[in-house]
Amino acid sequence: MILTDLNPSNGMGANCFLVELGPFKLVIDCGINPKEMGVKAMPELHRLEDHRIDLAIVTHCHLDHLGALPVLLKHVPDVEIAMSVPSQMIFTRMLHNSVNVMKRQREEHYIKEYPLYSHDDIDLLAKQVYPIMFGKTKRLQKEGEELEITLYSSGHVVGAAGIELVYKHRRIFFTGDVLFTQQSILNGAKFPKHPVDTLVMETTRGATEADPYYNRNEEVKSLLECINHTLNGGGSVLIPVFAFGRMQEIMNLVHQARLRGDIPISPVFSSGLGMDLADYIDKITKRTELCTFSTKVIREMRVKPVKNLRPGKRVSMPGLYICSSGMMVQHTPSWRVAASLLPFHENTICFVGYCDPDTQGGKLQQTKPGEKFLFEQLKKDFPLRARVRKFDLSGHANRDELMSFALDREPRSVVLTHGDPDARNWFAEAFANAVTQPKVTIPKSFEPCLV
Ligand SMILES: [Zn+2]
Ligand SMILES: [Zn+2]
């Protein structure tokens with residue numbers, strides 16, 4: 001197999017691979033880099049123009065895997081696109097939101113090429129997308145040869161898929177973003193157990209030491225205790241979350257805790273895309289039974305929209321704020337709420353997933369109590385008096401789990417993707433020290449690798 005990484009930043013970000021297997025050419029994922037803007041955030045899709053692409057496959061609906069998909073059609077107009085059934089139900093909603101965000105950024109940052117695509121482009125794209133059920137093999141034929149493609153649930157978010165390709169008895173497996181442990185609304189990954197020849201794996205948490213005693217339920221318990229303590233003390237809690245997946249998971253956990261009496265019945269606030277996606281995930285639950293989320297959770301908690309915030313001033317009603325974005329990107333609801341909670345000692349900000357160190361969320365985690373925290377776009381700083389706590393409820397498997405999954409598959413060749421250089425290097429070293437010592441490849445942007 002020849003694999004070419006089309007992501008210009010070569011780290012995490014605009015995930016997009018060209019995969020060549022005999023006569024077959026596939027594109028896997030077509031994302032945008034959340035840390036960049038304009039064309040710099042995009043994979044270099046013009047490099048696909050000389051290829052006849054047989055199929056594009058999207059592993060899941062986070063924008064670092066999906067966000068550039070409408071632009072793919074401008075370079076490879078007639079390409080067919082496959083994704084899991086839940087992803088097919090949700091991807092247009094994610095992309096329409098992305099158009100709105102780009103329109104806003106065009107005004108705020110004068111990015112003249114934004115939006116990179118229109119709402120109409122998404123409607124056109126939708127006609128070229130078809131769903132594949134988990135575990136059902138799709139066969140492509142070309143020049144008398146056959147390629148088998150099977151998607152398996154990867155646990156990370158609703159609809160997220162690992163991809164198995166079989167060509168001439170060679171088995172290649174792409175993990176996509178993966179979580180092996182069960183969440184309250186979604187089972188962990190259900191990957192095949194048989195050996196593979198080539199394993200292309202994510203490495204998101206490679207630079208983070210895994211706690212051998214880690215237990216997700218204990219972590220949930222600690223989060224709930226922290227919420228309980230803060231609300232009972234008259235303070236507010238902010239949980240910054242990704243709109244897709246994490247928000248609905250946290251809502252569900254909070255709802256269950258309220259029913260059990262583990263946390264007080266207090267106002268719950270949220271807003272934006274995540275509330276809308278809750279409706280979609282409710283529908284996916286009803287139609288596919290691939291997750292277990294109901295909007296009843298939101299109705300019973302009487303979730304209210306976030307409004308009337310003034311930076312540096314206390315919120316008018318204390319409560320629990322479950323708001324996107326997870327990394328507190330500027331101008332998002334979680335960032336705005338933080339500007340009202342952070343200067344007051346009675347409040348707590350609870351991070352539940354990964355924050356890039358360059359984002360406002362990442363910087364807040366590095367701020368010591370009493371130090372001033374700068375809200376960059378507001379050009380205002382406030383002293384950090386609220387508690388900042390971190391809970392490991394990540395949507396990604398830890399490095400030990402991934403290593404043991406990888407070694408059990410006995411691959412001859414491993415490709416390390418979707419991670420910062422430190423994260424990939426940790427895995428490279430771990431494989432070098434393993435008994436089987438597979439060939440390890442860390443792809444460089446635009447350089448075809450034989451794997
Ligand atoms: Zn993801
Ligand atoms: Zn990702």
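Rings of Phe, Tyr and Trp count as a pair if their centres lie within 6.5 Å. In this predicted model, a search of the whole structure finds 12 aromatic pairs. One of them joins Tyr152 and Phe173: the ring centres are 6.3 Å apart and the planes stand at 45°, so the pair is tilted. Tyr152 belongs to strand S8 and Phe173 to strand S10, and the pair links distant parts of the chain, 21 residues apart. Both Tyr152 and Phe173 are buried. These two residues, together with Phe180, Phe191 and Phe405, form one aromatic cluster.

The metal site comes next. The zinc ion (ligand 1) is held by four residues, with His60 and His156 each giving NE2, His62 giving ND1 and Asp177 giving OD, at 2.2 to 2.4 Å. Along the chain, the spacing of these donors reads H-x1-H-x93-H-x20-D. His156 lies in the loop between strand S8 (145-153) and strand S9 (161-167), while Asp177 lies in the loop between strand S10 (170-174) and strand S11 (198-202). The two are 21 residues apart, and the pair links distant parts of the chain.

How accessible are these two residues? His156 has a relative accessible area of 4%, and because buried means under 20%, His156 is buried. Asp177 counts as buried too, at 2% relative accessibility.

The 4 donor atoms of the zinc ion (ligand 1) make angles of 88 to 173°. Four donors count as tetrahedral if all angles lie between 85 and 135 degrees. The site of the zinc ion (ligand 1) is irregular. Asp177 also coordinates the zinc ion (ligand 2), and the two ions are 3.4 Å apart.

The structure holds 3 cavities of 30 Å³ or more. The largest cavity has a volume of about 130 Å³. It is lined by 15 residues, of which Phe17, Asp29, His65, Gly176 and Thr417 are the closest to its centre. Strand S11 supplies the largest share of this lining, 3 residues. Sorted by class, the lining of the largest cavity has 7 polar, 5 nonpolar and 3 charged residues.

By class, the lining of the second largest cavity has 5 polar, 2 charged and 1 nonpolar residues.

Conventions:
Residues are numbered from 1 along each chain as its sequence is written. Chains are lettered from A and ligands numbered from 1 in the order in which they are written. This is a predicted model: local features need pLDDT of at least 70, side-chain atom pairs count only at pLDDT 80 or more; totals for chains, interfaces and linings use all residues. Side-chain values use heavy atoms; hydrogens and water are left out. Donors are N, O and S atoms within 2.8 Å of the metal (3.2 Å for Na, K and Ca); water is not among the atoms, so sites may look incomplete. Four donors count as tetrahedral if all angles lie between 85 and 135 degrees; four count as square planar and six as octahedral if opposite donors are over 155 degrees apart and all others between 65 and 115; anything else is irregular. Helices (H or I, at least four residues) and strands (E, at least two) are DSSP runs, numbered from the N terminus. Buried means under 20% relative accessible area, exposed over 50%, partly exposed in between (1.4 Å probe, protein chains only). On a 1 Å grid over the protein atoms alone, a cavity is a set of points where a 1.4 Å probe fits but cannot get out, and a pocket is an open set with protein on both sides within 12 Å along at least five of seven lines; lining residues have an atom within 4 Å of a point. Grid points are joined across faces, edges and corners, and a volume is the space filled by probe spheres set on the points. Ala, Val, Leu, Ile, Met, Phe, Trp, Tyr, Cys and Pro count as nonpolar, Asp, Glu, Lys and Arg as charged, and the others, Gly among them, as polar. Rings of Phe, Tyr and Trp (its six-membered ring) pair if their centres lie within 6.5 Å; planes under 30 degrees apart count as stacked, over 60 as edge-to-face and the rest as tilted.
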